[in-house]
Amino acid sequence: MKKVLILGMICLLFLVGCGQESAKTEEKYSFSYNNMDFVLGEIFTREKFGTEVEYSEVASCAFEGLDKTFKYEHYEITTYPDGEDDRIYSIYLLDDTVSTKEGVKITDDVSKMKEVYGSEYTEQGESYLYSKNGTTLQFYTSNGVIIGIEYSIVIDN
Amino acid sequence: MKAVRISLIVLLLLGVFWFLNILVSPKYMESLVEGSMISEYYDTPKNHEVLFIGDCEVYANFSPMVLYEEEGISSYIRGSSQQLIWQSYGILKETLKYEKPKVVIFNVNAMRYSTPVSEAYNRLTIDKMKWSKEKIEMIFSSMTEEENFWSYVFPILRYHSRIFELTEEDFTYLFQRRQNTFNGFLINQNVKGVESLPTKRPLTETRFADITYEYLDKIRELCEENNIELVLIKAPSLYPYWYTEYDEQIEEYASKYGLDYYNFLENILEIGLDYSVDTYDGGLHLNLSGATKLSKYFAPILKEKYSLTDYRDNEEVNAYYQKELEKYYEEIGSGM
């Protein structure tokens, strides 16, 4: 009887196992500016990226940790908390003085975007979303002209 | 004899299983208290003429205690973090089993979300709800791809790893609950003013998704069937941005069905909100000072427009509120 009880309790405790995701090493979208690479998901430090011109914090409704936004002259970096660190969640390009690694910038036509990135995108209203290995590159457009570009990482909830 | 022994073993195992389920479930009493709000309603007297439903923009921004003090309004906030519109509908349906308010106030911020946001938020709203048809419907409509229904029925399937992370809170609140809100209002006295906000992204979808309209229709129809006045509001949270395109759609909907819509972002000056002191997180939620101002502004509007009862003249209800108000000011005084 003792054995049955112990066995039963062990079964109850280990009903479900936790799966582990295998690391993805394939190529992801990334941004580059002034010979510096911005990799989504990497740890953000001011030492590396410099001091921002504007800073804001956004809390979640209930959970601890802050999404932080560091605004620079031509782009804005948003981070998410990961323990003690802040990792890059998104990079939002602010003007046409910066472009994607592949050479597309704000004010370019949608046709140029399609020429460079192809037609495998998801359309959301007037925006186009390209996905690659857990990262996305989104082009916000208006009347066929790009008005915003954003790199983001897909975070599993 | 053998059958009796087997039955006893099975009963014992079931008992242990039941106990472990309770033990490993998050208690939401001292940490992540937002998860306790939906169930706190069950312990209160059901005498509310006004019911708020919606996300954090209701439970942080309106104080039923102030509504009562100002105009004698008896109200309850059944809000929860990131409450999605189909969850608001389920909560409204469930509430109507207990009481029939005169006015239901729905915060329209949830119209922007057409898919479940995260399991963590689902859990805060659903975990502690009493079992009902509404809860089951809510689970199925809210689950993310990684979730499964049975983990809501048997929390150990989801929280088994907590067995190694149990804290004092898990034992203290194993079989008891404590009050964390005042009629659904979660007091926060911290001050963190607005300094700057993230850059506003262009809207990718200007029209709210069909599913959100579907549930807004359901909420409206449920209110109509029960002769309840549905009022739409947008709380004065500065972020996430409430786009003009969003506002126009709610205006249009309200006008089509003859509903009142109050976008408090348009009344910031009249309310007297000062975002350097009236918010605890840089503009997402109002703190106690901001919620008090907003509630003082809204109370006379509610009272007059919807001919609400002044419960200060009702001995029984007044006794309840006086007791709550005493605790309310005690908690405020203690700086919690």
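## Two crossing helices in chain B

In this predicted model, the axes of helix α4 (residues 64-71) and helix α15 (residues 315-333) of chain B come within 11 Å and cross at roughly 125°. Axes here are lines fitted to C-alpha atoms, for helices over the stretch in contact, and angles run from 0 to 180 degrees between N-to-C directions. Helices (H or I, at least four residues) and strands (E, at least two) are DSSP runs, numbered from the N terminus.

Which residues of α4(B) meet α15(B)? Met65(B), Tyr68(B) and Glu69(B) do, facing Tyr321(B), Glu324(B), Leu325(B) and Tyr328(B). Ala, Val, Leu, Ile, Met, Phe, Trp, Tyr, Cys and Pro count as nonpolar, Asp, Glu, Lys and Arg as charged, and the others, Gly among them, as polar.

## An enclosed helix

Let us turn to α6 of chain B. Helix α6(B) (residues 119-126) is largely enclosed by the rest of the structure, because 6 of its 8 residues are buried (20 or more other C-beta atoms within 10 Å of the residue's own; 12 or fewer is exposed, in between partly exposed, with C-beta atoms placed from the backbone). Among them are Tyr121(B), Arg123(B) and Ile126(B). The buried residues of α6(B) pack against α2 (37-40), α5 (85-98), α7 (133-142) and α8 (150-153) of chain B.

## Chain A and its side of the contact

Chain A has 3 helices and 10 strands, and buried residues make up 24% of its 157 residues. Strands β1 (residues 30-33) and β2 (residues 36-39) of chain A run antiparallel and are joined by 4 bridges; strands pair if DSSP finds at least two bridges between them. Ser32(A) has Asp37(A) in β2(A) as its bridge partner. With 2 residues between the strands, this hairpin has Asn34(A) at a positive phi near 50°.

The contact between the chains takes 33 residues from chain A and 36 residues from chain B, where two residues are in contact if their C-beta atoms, placed from the backbone, lie within 7 Å. Elements giving two or more residues to the chain A side include α1 (2-13) and β10 (145-153). That side has 19 nonpolar, 9 polar and 5 charged residues.

## Reading the numbers

Residues are numbered from 1 along each chain as its sequence is written, and chains are lettered from A and ligands numbered from 1 in the order in which they are written. As this is a predicted model, local features need pLDDT of at least 70 and side-chain atom pairs count only at pLDDT 80 or more, while totals for chains, interfaces and linings use all residues.
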